[in-house]
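Look at the structure shown here and keep it in view while reading. The text takes one part at a time.

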Amino acid sequence: MSNELGTILQLFMRSLETGSVYALAALGIIIIYRTSNIVHFAQGSLGMFNTFVVTYVFLSFRLPLWASTLCGVAAAIATGFLVDFLIIRHTKKVSPLAKQIITLGLIMVFLGLAPMLFGVDPLSLPRFLQSGDFSLGIAAISHNAVLNISLGLVLMGILFYVLQKTKMGLAVRTTASNEPVARLMGVPTRRVTLAAWALAGVLGCLSGVMIAPTTTVTTSLMDAVQVNALFGCVLGGFQTFYGPVLGAYIIGVGRNFLVYYVSSIWGEQIMYLLILIFLIFRPNGLIGTKFVKKV
Amino acid sequence: MNERNDSSLANAKPALWKNPYLGFILFGLLISTLPLFAGWGLMKNSTLNYIGSVLVYTVAALGLNLLLGYAGLISLGTAGFMGLGSYIAAYVTKDMGMSFWAAAAAAVLIPTLIGLLIGLVSLRIEGIYLAIATLCVSEILLKSFEQADSITGGMQGKSVSYPVIFGHTFNRSTTYLLLVVVLTLVMILTHNFVNGHKGRALHAMRGSEVAAQAMGVNLLQYRLIAFSLATAYSALSGVLYVFFVKFSYPSVWNLTLSLLVLAAVVIGGLRSIYGTVVGAFVVWAVPDLILKNIPVLGRINGLPYIFNGILIILVVMFAPQGISGLWQAKFARKKKERENGKEAE
């Protein structure tokens with residue numbers, strides 16, 4: 001019995017770790033959605049590209065991992081700025097649908113840039129903390145997992161604090177609720193959008209660095225993260241900032257439990273099917289309200 | 001190429017040219033002569049293979065163009081449904097030993113039914129959910145292709161032989177001709193659909209969903225029609241792929257392929273049949289046949305993706321109607337210049 005409980009606890013801890021990866025990526029997607037009204041399909045690809053930067057710096061210049069990660073974060077800010085500065089800023093008059101197509105184009109650009117700059121061979125990135133486990137009596141959790149979980153939670157805590165309690169956060173929220181009016185009221189919406197793209201890039205990069213040690217760094221590194229983060233947004237609803245984060249954690253937990261208890265081969269597919277079925281009953285997500293389109 | 005769609009131009013031509021089918025059939029005849037060039041040694045056989053696969057992808061792109069151009073919806077499941085079609089076709093002919101026709105029918109019908117179900121679920125909600133739901137489905141399908149060894153051959157892939165139709169065993173050039181015939185038929189079908197009463201309802205929807213609704217157009221029904229057609233076209237394209245390439249691997253049917261199909265539609269031009277064909281050539285043939293042969297530049301990894309990605313972004317930003325839009329604008333300008341010239345006289 002206690003063994004069974006131990007397994008569940010262990011699974012839950014591991015799910016929290018994958019959940020934080022998804023949640024960070026989902027947060028990036030929702031910030032872009034709320035400020036630029038774009039469903040950011042390229043969040044994973046941007047994260048993949050910047051994780052390549054981290055890995056490349058780590059392997060070529062032999063910098064410590066934290067310093068490499070900082071380089072990646074800097075690259076993420078730079079790519080975020082560039083994307084907004086070169087593309088998104090000039091698409092004010094473009095329909096939301098066309099903006100989505102732009103992010104799909106971005107996926108291809110980064111899918112091509114990564115092998116162009118860093119080669120086609122799969123690279124590998126180590127964990128922040130190589131070894132060590134915390135024992136919780138019936139379950140154990142690695143130091144690295146604890147670091148990832150807490151890093152995710154702390155980052156999200158800071159972001160939500162900034163969003164809700166500071167003037168900067170207010171600017172973001174007003175931009176999110178109505179961009180033209182916010183601009184008329186003197187909110188620097190351009191700077192808000194610019195910052196949002198940089199922030200989304202950083203969140204993508206961090207989620208990439210967290211997921212990289214579990215696999216190899218290739219162009220498909222973030223495919224699963226991107227998909228799960230998007231479903232997190234769908235599950236939580238696109239109307240709030242915290243809904244997608246919640247959705248992402250639920251997907252992290254659900255996925256691992258289905259893979260362990262139901263089927264190691266079909267678990268993930270069952271998870272996706274369940275989300276599709278969920279959409280029938282709550283099309284606007286867990287915390288969503290119906291969006292009424294005015295003519 | 002300019003006598004379709006644009007009625008003002010068609011009016012200037014003799015009556016025979018008004019028949020749009022003629023254009024499609026001429027186009028079909030033109031590309032069906034390409035194997036001859038390969039036979040004479042004027043063209044590499046590999047080039048013919050590339051062009052054949054472009055034709056295959058064009059079928060899927062025409063379907064997505066209906067969905068994106070008229071219903072304004074994105075599907076990211078194109079590759080998944082293509083893969084499903086290809087595996088069903090392979091399974092029915094190879095493992096069940098049934099005819100080409102049975103295989104084609106099953107391979108188009110089953111994905112279309114699945115598409116209908118997904119459409120029913122996701123189309124009731126605002127547009128963007130279809131993209132996410134189809135992304136979800138294509139992930140499920142891709143994983144299933146890898147796992148369901150007994151049907152799909154797993155990671156090793158599934159092979160088939162060239163089709164046998166009416167007791168006639170096809171080879172590469174005749175299969176190429178089959179592709180051309182199917183593509184021509186699909187183009188005519190699409191043309192008829194778009195200009196029929198269902199197409200008019202879709203046109204109305206595109207103008208204003210609210211106004212179309214007020215005129216009695218059932219939005220859900222027409223979105224479903226557009227999505228089912230897009231799914232059926234992708235599945236058909238998958239069938240053609242598997243019989244032309246004779247192989248189906250899970251790794252082919254990934255998100256990148258769906259994105260490339262989307263790129264073909266956007267670059268070629270929404271709601272344009274010839275534009276889609278041109279778009280498909282730009283997306284698949286230009287990187288493989290032209291960019292690769294440029295000295296230093298051609299050896300850069302990932303160049304085709306960068307090329308297509310940047311092209312999509314540029315087209316969306318600066319030429320929303322794609323290549324066909326640019327083409328039409330050019331002719332409209334020339335016509336105007338001519339008219340101005342006449343007035344001056």
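This is a predicted model: local features need pLDDT of at least 70, side-chain atom pairs count only at pLDDT 80 or more; totals for chains, interfaces and linings use all residues.

In chain A the mean pLDDT is 86, and 96% of the residues reach 70 or more.

Start with chain A, which contains 11 helices and two strands. Followed along the sequence, the elements of chain A come in the order α-α-α-α-β-β-α-α-α-α-α-α-α. The radius of gyration of chain A is 19 Å, close to the 19 Å that the globule rule gives for 295 residues, so chain A is as compact as a globular protein of that length. The C-alpha trace of chain A spans about 60 × 50 × 35 Å along its principal axes. Of the 295 residues in chain A, 48% are buried. A residue counts as buried if 20 or more other C-beta atoms lie within 10 Å of its own. The contacts of chain A can also be sorted by separation in sequence: among those between residues at least 6 apart, 71% join residues at least 24 apart.

Chain B can be described in the same terms. Chain B has 17 helices and four strands. With a radius of gyration of 21 Å, close to the 20 Å that the globule rule gives for 345 residues, chain B is as compact as a globular protein of that length. The C-alpha trace of chain B spans about 75 × 55 × 45 Å along its principal axes. Buried residues make up 46% of the 345 residues of chain B. Of the contacts in chain B with a separation of 6 or more, 74% are between residues 24 or more positions apart.

Leaving out residues up to four places away in sequence, A:Phe110 touches A:Ala42, A:Ser45, A:Leu46, A:Met48 and A:Phe49.

Now take two helices of chain B. Helix α6 (residues 100-122) of chain B has 23 residues and reaches 33 Å from its first C-alpha to its last, close to the 33 Å expected at 1.5 Å a residue. Its buried residues include B:Ala103, B:Ala104, B:Val108, B:Pro111 and B:Ile118. What covers the buried residues of α6(B) includes α11 of chain A, together with α5 (78-95), α7 and α12 of chain B. Helix α16 (residues 303-318) of chain B has 16 residues and reaches 22 Å, close to the 22 Å expected at 1.5 Å a residue. Among the buried residues of α16(B) are B:Tyr305, B:Phe307, B:Leu311 and B:Val316.

Two single residues complete the tour. B:Cys136 is in helix α7 (residues 128-147) of chain B. Is B:Cys136 buried or exposed? B:Cys136 is buried, because 27 other C-beta atoms lie within 10 Å. Apart from its neighbours within four places in sequence, B:Cys136 is in contact with A:Phe231, A:Tyr272, A:Ile275 and A:Leu276. B:Cys136 and B:Gly77 are 59 residues apart in sequence, and their C-alpha atoms are 8.1 Å apart in space.

A:Met156 is in helix α5 (residues 143-165) of chain A. A:Met156 counts as partly exposed because it has 18 C-beta neighbours inside 10 Å. Not counting residues up to four places away in sequence, A:Met156 touches A:Ala23, A:Leu27 and A:Val245. A:Met156 and A:Ala248 are 92 residues apart along the chain, and their C-alpha atoms are separated by 13 Å.

Key. Residues are numbered from 1 along each chain as its sequence is written. Chains are lettered from A and ligands numbered from 1 in the order in which they are written. The expected span of a helix is 1.5 Å times one less than its number of residues. A residue is buried if 20 or more other C-beta atoms lie within 10 Å of its own, exposed if 12 or fewer, and partly exposed in between; C-beta atoms are placed from the backbone. Two residues are in contact if their C-beta atoms, placed from the backbone, lie within 7 Å. The radius of gyration is taken over C-alpha atoms; the globule rule is 2.2 Å times the number of residues to the power 0.38. pLDDT is the predictor's confidence in each residue, from 0 to 100.
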